[in-house]
Amino acid sequence: MDKKYSSIHYHDYLQLDKILGAQKLRSAEFGTPAHDEMLFIIIHQVYELWFKEITHDLTSVMEMFDKETVDESDIGVAIARINRITEIQKILIDQIRVLETMTSLDFLDFRNYLLPASGFQSYQFRVVEVALGLKKQERIAYTQNVYYKVFTREQQEYLQQLEDGNSFFDLVERWLERMPFLQQDDFSFLPAYKKAVKNMLANEQRAIASAGYISEEEKALRLRMLGDTDTYFESVFNPEKHEERIRKGEAKLSYKASISALLINLYRDYPLLRQPYVLLGKIIELDENFTTWRYRHAQMVLGMLGKKIGTGGSSGYDYLSETAQKHRIFSDLNNIATLLIPRSELPELPEKMKDQLNFHYCVEK
Ligand code: HEM
C-alpha cells in the first residue's frame with residue numbers, strides 16, 4: 001500500500017468515542033434510571049444516521065437530474081441509489097418492531113424527562129421531506145406555528161432555500177416533460193391512445209350488457225362504475241380537466257409529464273423505455289415506503305400513548321395518521337395504473353419510432 005497514507009485504527013476511523021459516548025440517559029441524570037431509555041436513544045440515533053445516508057444519496061440523484069438533459073448512464077446510477085434508499089426505508093420500518101419491545105409503561109418511566117423534545121424536531125427528516133417535494137401549504141398544521149419554527153435560524157434558512165429550489169418532484173417532472181415520442185411525424189400518441197381506450201371501454205360495456213349471469217340492477221351498477229372510469233380517462237384527453245384536478249389538489253404532476261409517464265408505462269417493453277420505467281417504479285416505492293413508515297409510526301404511537309397528545313404538542317396519533325394519508329408526493333405516478341390498457345389494445349407505433357425505442361442490434365430489417 002502507498003506509504004503516503006498513515007494507518008488508522010477501526011475505532012478512530014469510525015470515531016466511536018463520539019458515537020458510543022453519546023447515549024446520556026436523562027432519567028439517570030435525574031436520579032431515576034429507566035432501563036429502556038437506552039433503547040429509545042439508540043434507536044433515534046440510528047434513524048438519524050440513516051436519514052443522513054438517505055439525504056446523501058437523494059442529493060446526488062437530484063444533482064444528476066438538475067440538468068437540461070439527463071445522461072443515460074446517470075439513470076442507471078439514479079435507479080441504484082434510489083433502490084438503496086428504499087432498502088434503508090425497509091430497515092426503518094422494521095426497526096419499529098424493536099422499539100415496540102418497550103411497553104407503554106416502560107416508556108412512561110422516562111417520558112416526562114423528554115418534554116418538549118419530539119421527533120417533530122428532526123431536522124434531517126424535514127430536509128428529506130422538503131427535498132422530495134413536500135410544500136409548506138400541503139402540510140397538515142399541528143399547532144399555530146409553522147413546522148420550521150422549532151429549528152435554528154440557519155436551519156430555517158436552509159429549509160427555505162430547499163423549498164424555493166427544485167425539489168426531486170420538480171426535477172422528475174421536468175425530465176418527463178422533455179421526453180420525446182409523444183409526437184413524431186404524423187404519429188400523435190394521444191389521439192391513438194384515446195381511440196384504443198374508447199375501444200376497450202366499448203368492449204367492456206358490451207361484455208357487461210351481454211353477461212347472462214348477473215341481474216339487470218347489477219349490470220346497471222357496473223355500467224355506471226365503468227362510466228366513472230371513463231371520466232377519469234377524460235382528464236387525460238383534456239388538458240383543462242387535468243389543470244382543474246391540479247387546482248383542486250387531486251393531481252400534482254403537470255399534464256405533459258403525466259402523459260409521458262403514461263407512455264413510459266404503456267411501452268415499457270421497449271428497451272429504451274425500460275430504464276425510465278424502472279426508475280418511475282422505484283420512485284413510487286420510495287414514496288410508498290415513507291407512507292408505510294408514517295402508518296407504522298402512528299400505530300406504534302397509538303400503542304404507546306393511546307390518544308395522549310405528543311411531547312411536541314400535536315394531537316399525537318390523529319395528526320400522524322393524517323400525515324400518512326396526505327403527505328404523499330408522487331401519488332400521480334401510482335394513479336397511472338388506472339389508465340393502463342392491455343398490451344393487445346396498444347396503438348401500433350410507427351416503424352421509425354420502434355427503431356428508436358429498440359437497441360440497434362435487435363432491430364430486425
Ligand atoms: C416511543 C416512541 C415514539 C413515540 C411515542 C413517538 C411519538 C410521536 C408523536 C406523538 C409525534 C407527533 C408530534 C408530537 O406532537 O410530538 C411524533 C412525530 C414524529 N416522530 Fe415520533 N415517536 C416515537 C418514536 C420515533 C422514532 C424512533 C422516530 C425516528 C426518528 C420518530 C420520528 C418522528 C418524526 C420524524 C416525527 C414528525 C412526523 C411528522 O410531522 O410528519 N419517532 N412522534
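How much space lies in the largest cavity? About 170 Å³ of space lies there. The structure is a predicted model, in which local features need pLDDT of at least 70 and side-chain atom pairs count only at pLDDT 80 or more, while totals for chains, interfaces and linings use all residues. Residues are numbered from 1 along each chain as its sequence is written, and side-chain values use heavy atoms, with hydrogens and water left out.

A cavity is a set of points, on a 1 Å grid over the protein atoms alone, where a 1.4 Å probe fits but cannot get out. A pocket, by contrast, is an open set with protein on both sides within 12 Å along at least five of seven lines; for both, lining residues have an atom within 4 Å of a point. Grid points are joined across faces, edges and corners, and a volume is the space filled by probe spheres set on the points. Three cavities of 30 Å³ or more are found in the whole structure.

The largest cavity is lined by 14 residues, of which Tyr232, His242, Arg245, Ser258 and Leu339 are the closest to its centre. Two or more lining residues come from each of α11 (216-237), α12 (239-247), α13 (255-266) and α16 (331-335). These labels refer to DSSP runs numbered from the N terminus, with helices (H or I) of at least four residues and strands (E) of at least two. By class, the lining of the largest cavity has eight nonpolar, four polar and two charged residues. Here Ala, Val, Leu, Ile, Met, Phe, Trp, Tyr, Cys and Pro count as nonpolar, Asp, Glu, Lys and Arg as charged, and the others, Gly among them, as polar.

The second largest cavity holds about 60 Å³ of space. Its lining includes Val128, Glu129 and Leu132, as well as Asp287, Phe290, Thr291 and Arg294. At least two lining residues come from each of α7 (123-132) and α14, and α14 gives the most, with four. This lining divides into four nonpolar, two polar and four charged residues.

The largest pocket has about 1,200 Å³ of space. Of the 47 residues in its lining, His44, Ser118, Gly119, Phe120 and His297 are the closest to the centre. The elements that supply two or more of them are α4 (37-65), α5 (72-99), α7, α14 and α15 (317-326), and α4 has the largest share, nine residues. In this lining, 23 residues are nonpolar, 15 polar and nine charged.

The ligand sits in the largest pocket, a term that requires more than half of its atoms to lie within 2 Å of the grid points. It is surrounded by 29 residues, the closest being Ser118, Arg126, His297, Ser314 and Tyr319; a residue counts as near if one of its heavy atoms lies within 4 Å of the molecule. The largest share of this shell, seven residues, comes from α14. The shell contains 16 nonpolar, 11 polar and two charged residues.

The iron atom of the ligand has His297 (NE2) as its only protein donor, at 2.2 Å. Donors are N, O and S atoms within 2.8 Å of the metal (3.2 Å for Na, K and Ca), and sites may look incomplete because water is not among the atoms. His297 is located in helix α14 (residues 271-305). Oxygen atoms of the ligand also lie 2.5 Å from a side-chain N or O atom of Tyr319, 2.7 Å from a polar side-chain atom of Ser314 and 3.1 Å from a side-chain N or O atom of Arg294. A polar contact is a pair of N or O atoms within 3.5 Å; within protein, one must be able to donate a hydrogen and the other to accept it, and residues adjacent in sequence count only if both atoms are side-chain atoms.

Some local backbone features were also recorded. Gly249, which follows α12, has a positive phi near 80 degrees. Most residues other than glycine have a negative phi, and most peptide bonds are trans. Gln15, a residue other than glycine, has a positive phi near 50 degrees and is found in the loop between α1 (10-13) and α2 (16-20). The peptide bond between Leu115 and Pro116 is cis, with omega about -10 degrees. Pro116 is in the loop between α6 (104-108) and α7.
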